[in-house]
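User: I have a two-chain model open and want to go through its architecture. Can we take it step by step?

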Amino acid sequence: MSYVIEGKTGSWEIVVGLEVHAQVVSKSKLFSGASTTFGAEPNSQVSLVDAAFPGMLPVINRECVAQAVRTGLGLNARINLESRFDRKNYFYADLPQGYQISQFAHPIVGEGTIEIELSSGETRKIGITRLHMEQDAGKLIHDQDPTKSMVDLNRAGVALMEIVSEPDIREPEEAGAYLRKLRQILRYLGTCDGNMEEGSMRADVNVSVRKAGEPFRTRCEIKNVNSIRFVMQAIEVEAARQVEIWENGGEVDQETRLFDAARGETRTMRSKEDAHDYRYFPDPDLLPLVIEQDWVDALKAALPELPDAKRARFQSDYGIPFYDAGVLVAEQSVADFYETVAKGRDGKLAVSWVTGDLFAALNRTGKTIETSPVSAEALGQMLDLIADGTINGKIAKEVFEDMVETGESPDAIVEKKGLRQVTDTGVIDAAIDAVMAKNADKVAEYRSGKDKLFGFFVGQVMKETKGKANPALVNDALKSKLDA
Amino acid sequence: MLTGLTLTEARAGLAARKFSARELAQAHLDAIGRLNTQLNAYITVLPEQDVLAAADAADARYASGAARLMDGLPVGVKDLFCTKGVKTTAASKMLANFVPPYESSVTARLLEAGSVFLGKTNLDEFAMGSANITSAFGSVLNPWKRQGDDAALVPGGSSGGSAAAVAAGLALAATGTDTGGSIRQPAAFCGIVGLKPTYGRCSRWGTIAFASSLDQAGPMTRSVADAGLMLEAMAGFDEKDSTSSNRPVPEFSKAAGKSVKGLRVGIPAEYRAPGMPEEIAKMWEQGIAWLREAGCEVVDVSLPHTKYGLATYYIIAPAECSSNLARYDGIRFGERQDASTLDGIYERTRAEGFGPEVRNRILMGTYVLSAGYYDAYYLKAQKVRTLIKRDFVQAFEQVDVLLTPTAPSAAFAQGENMDDPVQMYLNDIFTVPASMAGVPAMSVPVGLDSRGLPLGLQIIGRHFDEETVLSVGGALEAAAGFAHKPALHAEAGV
């Protein structure tokens with residue numbers, strides 16, 4: 001075990017499970033036709049169903065079900081052809097019905113797995129317990145009036161997927177890797193945008209500690225942690241807190257806690273005594289949700305290629321290393337960009353340009369792959385110019401920088417700047433002659449056995465030709481002239 | 001007199017232009033004006049000009065030969081159906097001023113069929129009650145009187161306003177809703193026909209929920225044929241209600257007259273409750289005899305889980321109601337009592353907005369769903385419900401319909417049965433099992449007891465076989481020839 005907390009009484013390991021709430025990408029809400037667009041005027045996307053007017057009834061949105069099934073398939077999980085909706089009853093101003101429709105006893109997706117990769121290069125499988133669909137709540141706004149809170153129901157009724165992991169996580173880093181991998185899969189599938197800042201992906205973190213070989217001890221749940229970094233921090237401080245309690249002869253209480261990022265601590269939100277009794281029962285307004293295997297199969301057939309598969313294919317199709325392939329598939333847009341550049345070209349050369357010069361340029365200019373000043377097509381054309389000998393690798397760097405700045409095509413830049421590689425042996429011979437004449441002493445040294453000087457002559461000839469000489473031709477010609 | 005017609009008679013009279021829809025509507029508005037202060041059958045009467053405008057539109061369609069199924073027929077609407085732009089209260093202080101911006105699917109269908117709405121009829125608060133004494137707008141008076149006794153009788157509940165209005169001539173027919181007997185029992189108490197269709201036959205969209213897995217809208221009318229006619233207009237698939245059935249709607253209006261010869265009528269042994277009043281038992285025997293004479297074969301059957309019906313109903317219905325009524329929190333609509341905290345708003349709003357019976361049931365429902373009690377109560381009740389449903393399915397392998405009394409007594413007086421809620425709940429003993437099973441059931445008035453109060457018999461049918469229920473009801477109606485009128489009636493003393 002690589003992550004342990006050394007306490008007074010020995011080493012402790014941590015046990016972590018994550019519950020991720022992922023907002024489903026869909027045009028309308030889970031049980032109503034209201035729009036789900038983020039950032040609209042408060043209460044402008046609220047149907048009578050969302051506001052729980054008397055006599056209103058929920059009707060399941062087929063697209064949300066498809067998204068949940070796609071996600072389940074992406075998590076290598078069992079799809080339950082029959083699932084049910086339950087009511088989770090509690091009062092709050094952001095919950096118009098006085099209950100949340102959720103799937104408590106019979107979720108749509110059962111057990112699955114996610115494979116994560118750690119910085120050591122090691123991979124681990126983390127179990128998925130279940131995925132279920134539920135309604136999101138509205139939002140309370142506290143800063144609009146000195147004494148009153150305002151209610152915005154735009155989010156009320158938007159579909160969420162709650163994705164619950166097994167308590168398989170043993171390190172803060174694994175939690176981070178799990179969340180990144182989950183987010184990557186959701187984004188590839190197009191089922192959740194994974195945007196933690198906007199709250200479309202939120203994590204509840206269950207943490208406990210134990211001595212090696214012990215059964216699980218009492219856990220605490222840290223609610224609504226909204227960044228991957230905070231999840232990792234929260235696990236560290238919560239685990240340390242629990243170790244201290246146990247080692248001082250105390251008892252960890254099962255409770256719900258909040259992570260205060262500013263203070264770097266967790267605090268009690270609800271003790272066990274205050275825990276809600278949600279009085280779950282099957283929602284009598286909804287029939288059991290029954291889906292057909294054929295429909296699941298059709299959704300499966302239409303799934304996009306997922307990161308693990310794409311990574312393996314990139315390795316074999318383009319002959320690039322596992323690590324590089326991992327960097328490329330981290331974001332689907334980068335993978336797509338790379339593939340456009342690499343298709344029919346030198347895959348290794350393509351990866352070094354994409355992850356090297358292109359990433360550096362994006363970083364420098366504050367752009368993303370989507371807003372890249374150099375398109376994948378243009379970068380591909382530039383690689384073609386290298387391949388057909390129009391330019392050499394060194395000139396290519398200059399062409400690329402110009403592309404970043406002007407957005408012009410590589411052909412146009414080569415023409416404009418006269419960067420076409422010199423392949424005229426007459427010109428090259430003349431340059432060699434000039435260099436040899438200027439450096440007669442070095443020619444003599446070379447000829448007396450100091451053949452390391454060959455590189456010096458190559459450099460001088462390139463300088464003489466302003467870098468445009470074809471390096472292979474220069475090599476050949478130099479060799480024959482110096483050895484003559 | 002126009003206020004004494006059946007829907008079928010009025011439809012024929014309108015079609016023959018013997019009278020106009022305007023005259024018919026006006027006669028009813030006048031009757032309401034005369035009698036509603038006594039009966040308190042309506043919470044809201046629609047403005048006269050609106051009622052007459054709807055009647056005029058119907059007259060125009062009759063004139064152009066484009067009349068619809070319910071065209072020009074004046075009906076009352078239980079104040080549990082949301083009606084667009086018309087106050088809808090559920091007889092609760094909580095919704096005393098609630099005006100829905102939408103029309104329930106059932107009332108939309110009735111309007112589409114040409115019905116002329118007169119107003120919103122009184123009920124037990126949120127449809128919870130069997131005597132119509134829990135309304136925040138006052139009790140409804142049964143238009144019937146015991147012979148030689150002026151005691152104020154209850155009309156039954158929860159659709160007591162609808163039943164009283166139809167019985168007293170304040171509407172030709174009315175909508176009701178039935179969760180455990182709320183159409184059938186008041187129909188029996190007021191001497192009219194009340195049909196609870198199969199669960200899923202009528203959309204629940206826009207009808208204020210009491211217990212979602214049981215609530216079902218249905219017609220309350222003066223004849224079995226009328227019940228068929230009105231159900232035909234009310235029923236049908238609604239994509240806005242996931243539990244509504246997409247089966248085609250038969251021509252129910254033609255079912256009442258069909259022959260019942262050869263039909264098998266089951267008599268469930270378990271309904272011979274100990275302590276059943278002699279008169280009820282006698283009426284039941286009479287009903288059996290009439291159906292035998294009409295050519296039916298009478299068969300003894302058993303519904304072994306009947307005795308658990310009432311207990312399980314009073315677990316499941318309150319459980320669902322405790323959750324369904326959580327939305328009345330004072331935040332978005334309805335009455336709100338202000339307080340300095342959110343919990344304070346909830347507590348004050350709900351304590352003052354709900355009456356005692358509703359609060360009782362919310363408490364019971366919350367209890368049976370609580371951690372530690374769920375398995376013992378709710379889950380167990382659901383299992384028993386499955387057994388009750390199976391009882392019916394098995395019985396219907398042997399017989400086509402079942403015949404039972406509708407209620408264990410005739411209408412009782414206001415003030416009776418009031419101290420003990422369990423005694424009150426016993427009113428539903430014969431009606432609850434069909435609700436739990438979701439099968440259709442209808443009460444038909446068949447005679448008077450020794451004190452001159454109407455008694456009803458209940459016909460229970462297979463899932464989605466309202467047609468056979470209507471046919472048997474028609475036979476019973478024909479044999480009984482029930483033509484009695486209540487003491488308070490629009491035609492009396494005019």
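User: Which residue in E8(B) is the bridge partner of Ile267(B)?
Analyst: This is a predicted model. Strand E7 (residues 264-268) of chain B and E8(B) run parallel, joined by 5 bridges. In E8(B), the residue bridged to Ile267(B) is Asp300(B).

User: Which strands stand at the edges of the 11-strand sheet of chain B?
Analyst: The sheet is open, with mixed pairing, and its order is E1-E3-E2-E4-E6-E5-E10-E11-E9-E7-E8 (chain B). Each edge strand has a single partner strand, so one side of it is left without a neighbour in the sheet. The edge strands are E1 (42-45) and E8 (297-301) of chain B.

User: By what angle are neighbouring strands of this chain B sheet turned against each other on average?
Analyst: The sheet in question has 11 strands in chain B. Direction is ignored for this value.

User: Are helices H7 and H15 of chain B roughly parallel or roughly antiparallel?
Analyst: Helix H7 spans residues 224-234 of chain B, and helix H15 spans residues 466-480 of chain B. Their axes come within 8 Å and cross at roughly 155°. Angles over 145 degrees count as roughly antiparallel. H7(B) and H15(B) are therefore roughly antiparallel.

User: How many residues in the contact of H7(B) with H15(B) are charged?
Analyst: H7(B) brings Val224(B), Ala225(B), Ala227(B), Gly228(B) and Leu231(B). They meet Glu466(B), Leu470(B), Gly473(B), Gly474(B) and Glu477(B) of H15(B). By class, the contact has 5 nonpolar and 3 polar residues, and the number of charged ones is 2.

User: Where in chain B does Ser158(B) lie, the residue joined to Gly157(B) by a cis peptide bond?
Analyst: Most peptide bonds are trans. The bond between Gly157(B) and Ser158(B) is cis, with omega about 10°. Ser158(B) sits in the loop between strand E3 (116-121) and helix H5 (160-168) of chain B.

User: Which element gives the most to the side of chain B that touches chain A?
Analyst: Here 33 residues of chain B are in contact with 25 residues of chain A. The elements of chain B that give two or more residues to its side are helix H9 (309-324) and helix H10 (342-353). That side of chain B has 15 nonpolar, 10 polar and 8 charged residues. The element that gives the most, with 3 residues, is H9(B).

User: Which element gives the most to the side of domain 1 of chain A that touches domain 2 of chain A?
Analyst: The domain assignment of chain A places domain 1 at 5-296, domain 2 at 305-417 and domain 3 at 425-482. The C-alpha centres of domains 1 and 2 of chain A lie 38 Å apart. Their contact takes 7 residues from domain 1 and 6 residues from domain 2. On the domain 1 side, strand E6 (112-117) and helix H2 (172-189) of chain A each supply at least two residues, and the element that gives the most, with 4 residues, is H2(A).

User: What is the bridge partner of Arg87(A) in E5(A)?
Analyst: The order E5-E4-E15 (chain A) describes an open antiparallel sheet of 3 strands. Strand E5 (99-102) and strand E15 (281-282) of chain A each have a single partner strand, so one side of each is left without a neighbour in the sheet. Strand E4 (residues 86-89) of chain A pairs with E5(A) over 4 bridges. Arg87(A) has as its bridge partner Ile101(A).

User: How many residues in the contact of H7(A) with H8(A) are nonpolar?
Analyst: The axes of helix H7 (residues 332-342) and helix H8 (residues 347-365) of chain A come within 9 Å and cross at roughly 135°. That makes H7(A) oblique to H8(A). Phe337(A), Tyr338(A), Val341(A) and Ala342(A) meet Gly347(A), Ala350(A), Val351(A) and Val354(A). The contact has 1 polar residue and no charged ones, and the nonpolar number is 7.

User: What is the phi of Asn43(A)?
Analyst: Asn43(A) lies in the loop between strand E2 (10-23) and helix H1 (62-74) of chain A. Most residues other than glycine have a negative phi. Asn43(A) is not a glycine, yet its phi is positive, about 60°.

Notes:
Residues numbered from 1 in each chain as written. Chains lettered and ligands numbered in written order. Predicted model: local features only at pLDDT ≥ 70, side-chain atom pairs only at ≥ 80, totals over all residues. Contact = placed C-beta atoms within 7 Å. Nonpolar A, V, L, I, M, F, W, Y, C, P; charged D, E, K, R; others polar. Pairing = 2+ DSSP bridges. Domains from an automatic or database assignment. Axes fitted to C-alpha atoms, helices over the stretch in contact; angles between N-to-C directions. Parallel < 35°, antiparallel > 145°, perpendicular 65-115°, else oblique.
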